[in-house]
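The stops below proceed from the whole chain to single residues.

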Amino acid sequence: MKGFKFTVIIDAEKKILFTSQAVPGTPHDITRLRELNKDILTKIEEKDVIVLDSGYMGFEKDISDFDLNGSWLIKKHSSKNFILSNDDIRKNKIYEEARRHIEMCFGDLKIRFKITYD
């Protein structure tokens, strides 16, 4: 399935809550989240905390426009025009620790189902 992209949501106990169909190509993460909006976002409750990597920067506008449930934590990255504040750096470290478990789960899925191999 090399060259395919899919979206997976797991909880803090590494339980898989949602998987999308794999799609060919490499659509941007935020584009896929917007496409899957009706399947994912309506299931998120107010108590939920969603930790996203920097591929979702810009999704903050969607959160406010659609009054989405949950707390959305999105890692920031610096660029030529945007330097991270000390607070941003501190928050990114916290988000990275939470996402470490997510990435480990993704790695397990890729190995188990040979997702990244031809």
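Predicted model: local features only at pLDDT ≥ 70, side-chain atom pairs only at ≥ 80, totals over all residues.

Residues are numbered from 1 along each chain as its sequence is written, and side-chain values use heavy atoms, with hydrogens and water left out.

**The whole chain**

Display the C-alpha trace, which spans about 40 × 30 × 30 Å along its principal axes. The radius of gyration of the protein chain is 15 Å, which agrees with the value near 13 Å that a compact globule of 118 residues would have; the radius is taken over C-alpha atoms, and the globule rule is 2.2 Å times the number of residues to the power 0.38. Among contacts with a separation of 6 or more, 37% are between residues 24 or more positions apart; contact means heavy atoms within 4.5 Å.

Switch to a cartoon. The protein chain has four helices and six strands, in the order β-β-β-β-α-α-β-α-β-α from the N terminus. Helices (H or I, at least four residues) and strands (E, at least two) are DSSP runs, numbered from the N terminus.

Select residues 8–10 and 16–19. These are strand 2 and strand 3, which pair in the antiparallel sense over three bridges; two strands pair if DSSP finds at least two bridges between them. Within this pairing, isoleucine 9 has phenylalanine 18 in strand 3 as its bridge partner. Five residues lie between the strands of the hairpin, and lysine 14 takes a positive phi near 70° there.

**Strand 5, helix 3 and strand 6**

Next, select residues 49–52, 60–66 and 71–74. Strand 5, helix 3 and strand 6 make a right-handed β-α-β unit. A crossover is right-handed if, with the strands pointing away from the viewer, the path from the first strand over the helix to the second runs clockwise. Strand 5 and strand 6 run parallel and are joined by four bridges. Opposite valine 51 stands leucine 73 of strand 6.

**The aromatic pair**

Show the side chains of phenylalanine 59 and tryptophan 72. How many aromatic pairs does the structure hold? There is one: phenylalanine 59 and tryptophan 72 form a tilted pair, 5.3 Å centre to centre with 50° between the planes. Rings of Phe, Tyr and Trp (its six-membered ring) pair if their centres lie within 6.5 Å; planes under 30 degrees apart count as stacked, over 60 as edge-to-face and the rest as tilted. Phenylalanine 59 lies in the loop between strand 5 and helix 3 and tryptophan 72 in strand 6, so the pair ties together parts that are 13 residues apart in sequence. Both phenylalanine 59 and tryptophan 72 are buried.

Keep tryptophan 72 selected and display its surroundings. Not counting residues up to four places away in sequence, tryptophan 72 touches Leu33, Leu41, Ile44, Ile50, Leu52, Phe59 and Ile63.

**Along helix 4**

Finally, select residues 86–112, which form helix 4 and include aspartate 88.

- Aspartate 88 counts as buried at 11% relative accessibility; beyond its neighbours within four places in sequence, aspartate 88 is in contact with Lys76 and Phe82.
- Asparagine 92, also found in helix 4, counts as buried at 6% relative accessibility. Not counting residues up to four places away in sequence, asparagine 92 touches Lys75, Lys76 and Leu84.
- Lysine 93 of helix 4 counts as exposed, at 58% relative accessibility.
- Tyrosine 95 in helix 4 counts as buried at 12% relative accessibility. Leaving aside neighbours within four places in sequence, tyrosine 95 is in contact with Val51, Leu73, Ile74 and Lys75.

Key. Buried < 20%, exposed > 50% of the residue type's maximum accessible area, 1.4 Å probe, protein only.
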